[in-house]
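These are my notebook entries on a structure that I looked up. I kept each entry brief and in the order in which I worked.

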Amino acid sequence: MWLGEIQDLAGVHAYARTLTRLRQELAVAVILFNGLDDLDDTEVEIEFQVADDSLLTQAFEIAQRRHQLRHAEEAVVAETASVARSLIDAGWSVRDTAGALDITAARVSQLAKLTDLIGVPFRRARTGSG
């Protein structure tokens with residue numbers, strides 16, 4: 001059984017059988033403490049600190065780096081979609097756009113669909129140069 005507390009919020013704690021579940025329960029406890037109603041749309045980052053287990057501390061540090069990398073990757077994907085859209089709008093072909101971004105033409109098409117889904121127009125040029 002795991003027990004965790006939020007150091008900066010007096011009385012906010014949770015317990016669970018697994019660390020994954022503890023992370024979830026602590027996030028819910030923080031949301032409830034702050035009086036927020038929407039549990040699904042509120043993101044709370046929980047970072048574990050362990051006083052006496054260096055191996056577990058190392059695992060938590062790796063998890064934190066992985067989390068940071070996921071956020072960085074999301075930002076790069078969004079930026080790639082934006083630049084791809086701009087290149088296509090400027091008249092570049094899908095293939096030249098792919099070459100400039102060092103991704104496949106299929107990925108450019110996926111990004112086009114993504115930007116279409118979020119309401120950003122993405123015009124496809126049949127010809128063009130970069």
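**Strands and their pairing**

I began with the strands and found that strand 1 and strand 2 run antiparallel and are joined by four bridges. I noted that the model I was reading is predicted. Looking for residues that face each other, I found Gly-4 opposite Ala-14 in strand 2. I then asked which residues of strand 2 lie on its covered face and which on its uncovered one. Ala-14 and Ala-16 form the covered face, whereas His-13 and Tyr-15 form the uncovered face.

**Helix 1**

I turned next to helix 1, which takes in residues 19-33 and has 15 residues. From its first C-alpha to its last, helix 1 reaches 21 Å, close to the 21 Å expected at 1.5 Å a residue. I listed its buried residues as Leu-22, Leu-26, Ala-27, Ala-29, Val-30 and Ile-31. I also looked up what covers these residues, and the cover includes strand 1 (2-5) and strand 2 (13-16). After helix 1 comes Gly-35, and I recorded its phi as positive, near 75°.

**The aromatic pair**

How many aromatic pairs does a search of the whole structure find? I recorded one. Phe-48 lies in the loop between helix 1 and helix 2 (54-89), and Phe-60 lies in helix 2, so the pair ties together parts that are twelve residues apart in sequence.

Key: Residues numbered from 1 in each chain as written. Predicted model: local features only at pLDDT ≥ 70, side-chain atom pairs only at ≥ 80, totals over all residues. Heavy atoms only, no water. Helix = DSSP H or I, 4+ residues; strand = E, 2+ residues; numbered from the N terminus. Expected span 1.5 Å × (residues − 1). Buried < 20%, exposed > 50% of the residue type's maximum accessible area, 1.4 Å probe, protein only. Contact = heavy atoms within 4.5 Å. Phe/Tyr/Trp six-rings, centres within 6.5 Å; stacked < 30°, edge-to-face > 60°. Pairing = 2+ DSSP bridges.
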